[in-house]
Amino acid sequence: MTNKRKIGSFYTPKIIADFLVDYLSSKLSHEDLSILEPSAGDGIFIHSVYHHSILSARIKKVVAVEREKNELEKIQKITNCKSLKRIHSDFLFFQKDHSQKYDLVIGNPPYIKKSLLSESQISLCEDVHSIFPSLSKNTIKNIWTAFLVRGIDFVKTNGILAFVLPSELLQVKFAAELRELILKNFERVEIFTFNELLFKDCKGQDTILLIGEKQSKNKGVYYCNIDKVSNLKSGKFSLVQNAKIKESKWMHHHLETEEIELLEKLKNRLETVDYYCQSKAGIVTAANDFFIVDTKIVEKYSLHGLIKPIIKKGLFVNGSVNLTGEDFRILVDNSKPTYLIAIDKNSKIRGNARFWKYKQLGEEKEIHKRYKTSLRNNWFEVPNIGIPPDAFFFKRCNEYPKLVKNSAKVLATDSAYIISMKDGFSINNLIYSFYNSLTLAFAELSGRYYGGGVLELTPNEFKGIPVPYLRVNEKSFDTYVSIFRAKNSISEICKKNDRAILKSIDKELND
């Protein structure tokens, strides 16, 4: 797995390659086709092209670029046709001296984070992005973006690009420039999303198929969500046009154009989370498993007087919108890691031999050599601890976003955004108002999804969620907390809340 991550080699399933080639065969109706595969890998797309009964007869030239020599040797065994040209090279170097345009650019670009790229690769990525003046260097977070940009440039004026790409193209802020570039360069864009992971060994990364046609009689952006990958082979799918494609993200493809327009109208008439509160990332320890401990570790290493209560992760507050002192005591009693080793210049550690033994355990694990700990004057002193916030919002969730009142008065790690209310607003009101169908819909549209249905919201995405703020008294909030704890699902809460909360904007709906 480590080697795969370094070279970005998560190879395309045969069913995907066969589908794309067969699907595109009807779009590429002319003769003497030229095809480029910039990241050929084991040659799965090359195999599909040469074994397609219709497309193979139209081929004039196929260029397969691959940096791994052993994979290139596999491609040679696919066909003896002279039309196949194998290039042993990193595509970033190949593209520097190559200017030919192609009828079809097809493939699955490698997925390698910028931190794993060499200086020369980063420099080449910057050169590729500079082809289009609208792109900035900030767009370069991963090598696949350069493959996409250069792939677009390699497509003929009547050609097609077909790539397997990470779904972050649709979701993340840095890809906004790329989404704009796609719309400018292709008259027709088709996006296939999937409800299951295409790459089982690449956990946490959903995948899409992107097809761009430089010229088309049926212009526009079209979406298709595939429930099961096997539906591609059986043809059980349909593309739906979405005319509303102005947003910076393309996650709205699950909605009709009219629904998007309504959401836009409502968003413009509602205040967002940051109007009611301030929020920022929680405590960064750089090694939660070392710095956050249970009572057994506290006793064993005599950490009394050096600790502060803390919530390590959202899993510990499942099913609640109010963390009480009793809730926290239950976590402590169940031996959950609930105490932060919070040492500062005033901490009495000089004569504490057992603490120094625990510190030594950390050094044996080389925690002091990690990037963030190495920047500290004393690696074992966690900075910026602060005081317990009014509430937490956990940035990742599964069933629904977690906004939790901090009645227990504990700290939180950076798995959460810590919240302090602005003057004139109440945390009870914000939490009560947050759980309605409209606000949760905006949360889904604002964030990005990881494999397994995990939703993540960045700090700015959380701050920008619209909330129809409603005031409730203390008794009503306590009742609400009890109902929330006893719920069977979040939809049950939304059904109860929608009528009360959304009626406050009913007039806006009818204007």
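Leaving aside residues up to four places away in sequence, Ile 343 touches Leu 306, Ile 349, Phe 355, Phe 380, Glu 381 and Val 382, where a contact means heavy atoms within 4.5 Å. This is a predicted model, so local features need pLDDT of at least 70, side-chain atom pairs count only at pLDDT 80 or more, and totals for chains, interfaces and linings use all residues. Residues are numbered from 1 along each chain as its sequence is written, and side-chain values use heavy atoms, with hydrogens and water left out.

Ile 343 sits in the loop between strand 14 (339-341) and helix 16 (353-364); helices (H or I, at least four residues) and strands (E, at least two) are DSSP runs, numbered from the N terminus. With 2% relative accessibility, Ile 343 counts as buried, a label for anything under 20% relative accessible area (1.4 Å probe, protein chains only). Leu 323 is 20 residues from Ile 343 in sequence and 25 Å away in space, C-alpha to C-alpha.

Zooming out, the protein has 23 helices and 21 strands. Its C-alpha trace spans about 75 × 65 × 40 Å along the principal axes. Of the 511 residues in the protein, 54% are buried. Take the contacts between residues at least 6 apart in sequence: 75% of these join residues at least 24 apart.

As for charge, the protein carries 77 positive and 60 negative side chains, and the centres of the two sets lie 3 Å apart. Here Lys and Arg count as positive and Asp and Glu as negative, while His and the chain ends are not counted; each charge is placed at NZ of Lys, CZ of Arg, CG of Asp or CD of Glu.

Methods: Buried < 20%, exposed > 50% of the residue type's maximum accessible area, 1.4 Å probe, protein only.
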